[in-house]
Amino acid sequence: MLAETVCSAVSAAGLGIAAVTAYRKRFLAALRTAAYSLIPVGLVMTGAVGWLAGTAFSPLAWAGFGVLGASWALFALVRAVEHRRGTRTARAAAADGPAPVSPSASAPALGRKAGQGSRPASAPAASQSSSDDFSDIEAILKKHGI
């Protein structure tokens with residue numbers, strides 16, 4: 001009975017605030033406030049408040065919440081251990097099938113032709129002296145008057 005009275009008072013106060021908000025020409029905010037203020041009365045009319053009050057004072061319900069909390073804690077513990085060991089990712093990788101690149105491959109197979117040899121294309125560029133790089137930088141600095 002007390003819960004129903006409190007919910008009715010909260011709804012009446014919310015509707016009053018909605019009326020004042022509508023008077024100030026803020027109609028969308030007033031409608032939103034009215035919608036929120038009707039929720040407690042709707043909960044009382046559906047019987048949800050009575051069920052909630054019965055649940056709040058029931059030792060069996062609190063024991064059920066404790067069991068649900070223990071279950072959640074166990075799930076979190078298992079996830080933390082799997083994350084630490086990396087077993088979840090290993091299991092997921094095994095389920096996906098073979099790896100796209102074999103671990104024993106030393107170089108990626110990018111479609112080299114047989115006559116190209118084993119040197120990468122960037123090797124001649126690496127053999128240039130570093131003085132060429134500095135000369136380019138010096139030319140840029142001189143161009144800007146530095």
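**A tour of the helices**

Select residues 2-23, helix α1, and residues 27-46, helix α2: the two pack at an angle of about 170 degrees, with axes 8 Å apart. That makes α1 roughly antiparallel to α2; angles over 145 degrees count as such, under 35 as roughly parallel, 65 to 115 as roughly perpendicular, and the rest as oblique. Axes are lines fitted to C-alpha atoms, for helices over the stretch in contact, and angles run from 0 to 180 degrees between N-to-C directions. Helices are DSSP runs of H or I with at least four residues, strands are runs of E with at least two, and both are numbered from the N terminus.

This is a predicted model, where local features need pLDDT of at least 70, side-chain atom pairs count only at pLDDT 80 or more, and totals for chains, interfaces and linings use all residues. Residues are numbered from 1 along each chain as its sequence is written, and side-chain values use heavy atoms, with hydrogens and water left out.

**Stop 1: the α1 and α2 contact**

Which residues of α1 meet α2? Among them are Cys7, Val10, Ser11, Leu15 and Ala18. On the α2 side, pick out Phe27, Ala30, Ser37, Leu38 and Val41, among others. Contact means heavy atoms within 4.5 Å.

Now zoom in on Ser11, in helix α1. Is Ser11 buried or exposed? Ser11 is buried, with a relative accessible area of 2%. Buried means under 20% relative accessible area, exposed over 50%, and partly exposed in between, using a 1.4 Å probe and protein chains only. Leaving out residues up to four places away in sequence, Ser11 touches Ser37, Leu38, Pro40 and Val41.

**Stop 2: the loop**

Move to Lys25, in the loop between α1 and α2. Lys25 is exposed, at 65% relative accessibility. Check its backbone too: Lys25 has a positive phi of about 65 degrees, although it is not a glycine. Most residues other than glycine have a negative phi.

**Stop 3: helix α4**

Select residues 59-85, helix α4. Its 27 residues reach 39 Å from first C-alpha to last, close to the 39 Å expected at 1.5 Å a residue. That expected span is 1.5 Å times one less than the number of residues. Just after α4, click Gly86, which takes a positive phi of about 80 degrees.

**Last stop: the whole chain**

Zoom out. How many helices and strands does the protein chain have? There are 7 helices and 0 strands. Of the 146 residues in the chain, 9% are buried.
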